[in-house]
Amino acid sequence: QLQLVESGGGLVQPGGYLKLSCLVSGLTLEYYSVGWFRRAPGKEREGVSCMSTLDGTTYYGDSVQGRFTISRDKAKNTVYLDMNNLKFEEPGLYYCAAATWPKAPGAAIATTEAEYRYWGQGTQVTVSS
């Protein structure tokens with residue numbers, strides 16, 4: 001039903017900036033939350049940032065709070081992740097994901113991997129000097 005394609009990854013120096021994009025196509029009205037997840041070497045995939053398409057509620061992982069920003073251009077069906085002041089410990093494969101119903105009662109945002117049904121192939125981010 002949905003296809004997600006990430007772009008914008010690449011090589012960046014510590015302290016640098018990258019902007020990731022996720023183009024969502026298909027039945028875009030069917031998802032209630034979008035998110036960015038990261039899989040780093042030797043670690044489980046973790047939620048970086050998520051956003052509810054219902055009320056705009058956002059979530060940020062503790063390690064990226066204040067440095068990363070998630071946004072969405074509804075007209076372009078595109079989700080963005082602005083990443084500022086990247087750290088050595090933040091390289092990895094970044095995935096864009098979309099969550100569809102059913103959702104948890106009373107919740108407008110999905111923040112865990114299990115809640116997301118549709119995933120992109122990921123875009124690689126490398127942090128190196």
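In the predicted model, the largest nonpolar core holds 26 residues, of which Leu-4, Trp-36, Phe-68, Leu-81, Met-83 and Tyr-94 touch the most other members. A nonpolar core is here a set of buried Ala, Val, Leu, Ile, Met, Phe, Trp, Tyr and Cys residues joined through side-chain atoms within 4.5 Å; buried denotes under 20% relative accessible area, exposed over 50%, and partly exposed the range in between (1.4 Å probe, protein chains only). At least two residues of this core are supplied by each of strands S1 (2-7), S3 (18-26), S4 (31-39), S5 (46-52), S7 (68-73), S8 (78-83), S9 (92-100) and S11 (123-127). S3 gives the largest share, four residues. Strands (E, at least two residues) and helices (H or I, at least four) are DSSP runs, numbered from the N terminus. Apart from this core lies another, of eight residues, including Tyr-32, Cys-50, Ala-97 and Ala-99.

Residues are numbered from 1 along each chain as its sequence is written. Because the model is predicted, local features need pLDDT of at least 70 and side-chain atom pairs count only at pLDDT 80 or more, whereas totals for chains, interfaces and linings use all residues; side-chain values use heavy atoms, with hydrogens and water left out.

The secondary structure comprises zero helices and 11 strands, in the sequence pattern β-β-β-β-β-β-β-β-β-β-β. The radius of gyration is 14 Å, close to the 14 Å given by the globule rule for 129 residues, so the protein is as compact as a globular protein of that length. This radius is taken over C-alpha atoms, and the rule is 2.2 Å times the number of residues to the power 0.38. Along the principal axes, the C-alpha atoms fill a box of roughly 45 × 25 × 25 Å. Of the 129 residues, 46% count as buried. Contacts (heavy atoms within 4.5 Å) between residues 24 or more positions apart make up 61% of those with a separation of 6 or more. The protein exposes about 6,500 Å², of which carbon and sulfur atoms supply 51%; accessible areas come from the Shrake-Rupley method with a 1.4 Å probe, and for residues only the protein chains shown count as cover.

Strand S8 is largely enclosed by the rest of the structure, because six of its six residues are buried. In a regular strand the side chains alternate between the two faces of the sheet. Both faces of S8 are covered, with Thr-78, Tyr-80 and Asp-82 buried on one side and Val-79, Leu-81 and Met-83 buried on the other. S8 runs antiparallel to S3, to which six bridges join it, and Ser-21 stands opposite Tyr-80. S8 also pairs with S7 in the antiparallel sense over six bridges; two strands pair if DSSP finds at least two bridges between them. Within S8, Met-83 is the bridge partner of Phe-68. The hairpin of S7 and S8 has four residues between the strands, and Asn-77 in this hairpin takes a positive phi near 50 degrees. Beyond its neighbours within four places in sequence, Met-83 is in contact with Gly-16, Tyr-17, Leu-18, Leu-20, Arg-67, Phe-68, Tyr-94 and Val-125.

Side chains of opposite charge can pair when their charged atoms come close. Four salt bridges are found in the whole structure, each defined by a side-chain nitrogen of Lys or Arg within 4 Å of a carboxyl oxygen of Asp or Glu. In one of them, Lys-19 pairs with Asp-82, the closest N and O atoms being 3.1 Å apart. This pair links distant parts of the chain, with Lys-19 in S3 and Asp-82 in S8, 63 residues apart. Lys-19 is partly exposed at 34% relative accessibility, whereas Asp-82 is buried at 15%.

Another salt bridge joins Glu-113 to Arg-45, with the closest N and O atoms 2.6 Å apart. Glu-113 lies in the loop between S9 and strand S10 (118-119) and Arg-45 in the loop between S4 and S5, so the pair ties together parts 68 residues apart in sequence. Glu-113 is partly exposed, with a relative accessible area of 32%, and Arg-45 is buried, at 19%.

The side chains of Glu-90 and Arg-67 also form a salt bridge (2.2 Å, N to O). Glu-90 is in the loop between S8 and S9 and Arg-67 in the loop between strand S6 (58-60) and S7, 23 residues apart. Both residues are buried, Glu-90 at 2% relative accessibility. Not counting residues up to four places away in sequence, Glu-90 touches Arg-38, Ser-63, Val-64, Arg-67, Phe-68, Asn-85 and Val-127.
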